[in-house]
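Me: I'm new to reading protein models. Could you go through one with me, feature by feature?

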Amino acid sequence: MNRQKITRIDNARLRGREGLYTLNIDGAGRIASIEKNTSHAALAADGRIDAAGGLVLPSFIDLHLHLDLAYSLELVPENRSGTLLEAIALYSEAKKSFTPGNVCERALRAIRDEISFGTGAIRNHVDVGSTAELRLCEGVLAAREKMKDFIDIEVVTFPQDGVIRDHGALDRMKAAMKMGCDIVGGIAHYERTPRDSQRQIELLFDLAEEFDCRIDCHIDETDSPESRCVEYLAAETVKRGWQGRVTASHVCALASYEPVHAAKVIGLLAEAQVHVVTNPGVNLHLQGRFDTYPKRRGLTRVRELMAAGVNVSAGQDCIKDPFYPFGTGQMLEVAHLLAHADHLSSPNQLGSVMDAITINPARSMRRTDYGTMPGCQADLVILPVDTLQEAIRCRPRPAAVLKRGVRLLMK
Ligand SMILES: [Zn+2]
C-alpha cells in the first residue's frame, strides 16, 4: 500500500453542515482546524486533496467481523441447510487443518478490502477453543501487526464451540488474552441448556474481571423466543458494575419475543448500557431458516432499541465463508441492508443508519478522538456523493481514504 501525507482537504462537504469546507491536518495526523471554503478552486499541490464537493465522513467502523473465517468458503464443504448450526459444525471440522499462515493471508485480504471501502477500525472475533487452539488467533494477530499503520483492530477471544460444551475453551481464551487480545467474547445461546448459558455468562465476567477488560458476546443468534440469554447478560452487567463495557452481538431472538417481554428486555439493556450489534446481511441470510411463510427477517429490534437509547451498531460479520457466501467488507453495503431490513428510509432514519457504522461503534470502542471536528484523528473517507442518502443509495467507492492524516493508496 502506498502512502501520501495529507495536510489539507478542500471543497469538503460535512455531515449536517451547509456549504463547503477546508480541513487542515496537522503533523500528528489530527484535524487542526476547519474553515468555510473561501474559494471553490482548490490548488492541486502535494499534500492537498480536492474533495470536489464530496462528502467527508469519519472512516467507517466495522464492529463485528470474523477475519479467521474470511474467504474460507471454498475450504469448507457446502452448507446445505444454510443454518448457523450447520455452519458451526462444518467450520469446526475444517479449522482443524488451518495454520496461522493460512489464516493471516486470508485475514490480510479481508482487511485490505475493508480499507479500500473506507473502514478505519474493526472489532474482530477470533475463534479460540480446543479445536481452533490458538492457531487462528496467532494468524489474526499477525495480520493486525502487519496492518497496524493502516487500520485499528480490536480482537475478541471468541469461543465458537461454547465454553461449557468445549472444556478447553476457557484456558485458550485466557492464553489469547495474554497474547494480546483485547476483549472477552462468548456465544451464550450455543450451550446445551439455559443453565449452561447462564454459567457461560458468569465465566465471561470472571475472565473480564481478571483482565479488567470489556466483553462482546454473541448472544441469542436464533429466532427462538425461548432463547433468553441477553437479559441475563444485562443483569450480570449491572451486578458486576460493568455498565458501558459490554456488547451484545446479534440479539436476534429479541425480535421474536412477545411485545411485553421485548419491552422489558430493551429496558434492561438500556439500564445496563449494553451496546448492541446487528449484522443485517448475515441475520437476513441465516435466520428464518426454520420458517415457511411468513419468514422472519432475523434482525433484532433495531429501531426500538435506538428509541430506548441503546447504542446500536451494524457489522459485516462474515466475508465469503460457510456462514455467509456474500460480504465484501463494504460498510455502506451493510448500511444499505440495515436500511432495508428495518424499514429505515426517512432522512432521519438514514442518519441513524449512518450512525450505526460510524459514531455508534466509535462509542463502543470508546474512541474519544473520532469524528470530523478539530482535534479528531484524521481517519477520513471522502465519498464522491453530496449527501448521506446518496452515499447509502449508491454505495460508491471512496475517492480517498485517510488514516491519521495519511492517504492510503491501494496498489
Ligand atoms: Zn459473529
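This is a predicted model: local features need pLDDT of at least 70, side-chain atom pairs count only at pLDDT 80 or more; totals for chains, interfaces and linings use all residues.

Me: Is S72 buried or exposed?

Reply: Buried means under 20% relative accessible area, exposed means over 50%, and partly exposed is in between (1.4 Å probe, protein chains only). S72 counts as buried because its relative accessibility is 0%.

Me: And which residues is S72 in contact with?

Reply: Contact means heavy atoms within 4.5 Å. Leaving out neighbours within four places in sequence, S72 contacts Y91, F98, R106, K320, D321 and P322.

Me: How do I read a metal site? Which residues coordinate the zinc ion?

Reply: Look for donors, meaning N, O and S atoms within 2.8 Å of the metal (3.2 Å for Na, K and Ca); water is not among the atoms, so sites may look incomplete. Here the zinc ion is held by H64 (NE2), H66 (NE2), H218 (NE2) and D317 (OD), at 2.1 to 2.7 Å. Along the chain the donors have the spacing H-x1-H-x151-H-x98-D. H64 and H66 are both buried.

Me: What is the geometry of the site of the zinc ion?

Reply: Ideal angles at a metal are 109.5 degrees for four tetrahedral donors. In practice, four donors count as tetrahedral if all angles lie between 85 and 135 degrees; four count as square planar and six as octahedral if opposite donors are over 155 degrees apart and all others between 65 and 115; anything else is irregular. The angles among the 4 donor atoms of the zinc ion run from 84 to 176 degrees, and the site is irregular.

Me: Which peptide bond is cis?

Reply: The one from Y293 to P294, with omega near 0 degrees. P294 is in the loop between α8 (280-286) and α9 (302-307).

Me: How many residues of helix α6 are buried?

Reply: In α6 (residues 229-239), 8 of the 11 residues are buried, so the helix is mostly covered. Among them are C229, Y232 and E236. The buried residues pack against α5 (194-211), β11 (215-219), β12 (246-250) and α7 (259-271). After α6 comes G241, with a positive phi near 70 degrees.

Me: How many residues does the largest nonpolar core have?

Reply: A nonpolar core is a set of buried Ala, Val, Leu, Ile, Met, Phe, Trp, Tyr and Cys residues joined through side-chain atoms within 4.5 Å. The largest here has 110 residues, and those with the most contacts inside it are F60, V184, I219, L269, F323 and M354. This core takes at least three residues from each of domain 1 (2-57 + 369-409) and domain 2 (60-364). Apart from it lies another core, of 18 residues, including Y21 and L402.

Me: How do I read those two domains?

Reply: Domain bounds come from an automatic or database domain assignment. The centres of domain 1 and domain 2, taken over C-alpha atoms, are 31 Å apart. Their contact takes 21 residues from domain 1 and 27 residues from domain 2. Buried area is the accessible area (1.4 Å probe) that two parts lose on being put together, summed over both. Between domain 1 and domain 2 that is about 2000 Å², with 64% from carbon and sulfur atoms.

Note on methods:
Residues are numbered from 1 along each chain as its sequence is written. Side-chain values use heavy atoms; hydrogens and water are left out. Helices (H or I, at least four residues) and strands (E, at least two) are DSSP runs, numbered from the N terminus.
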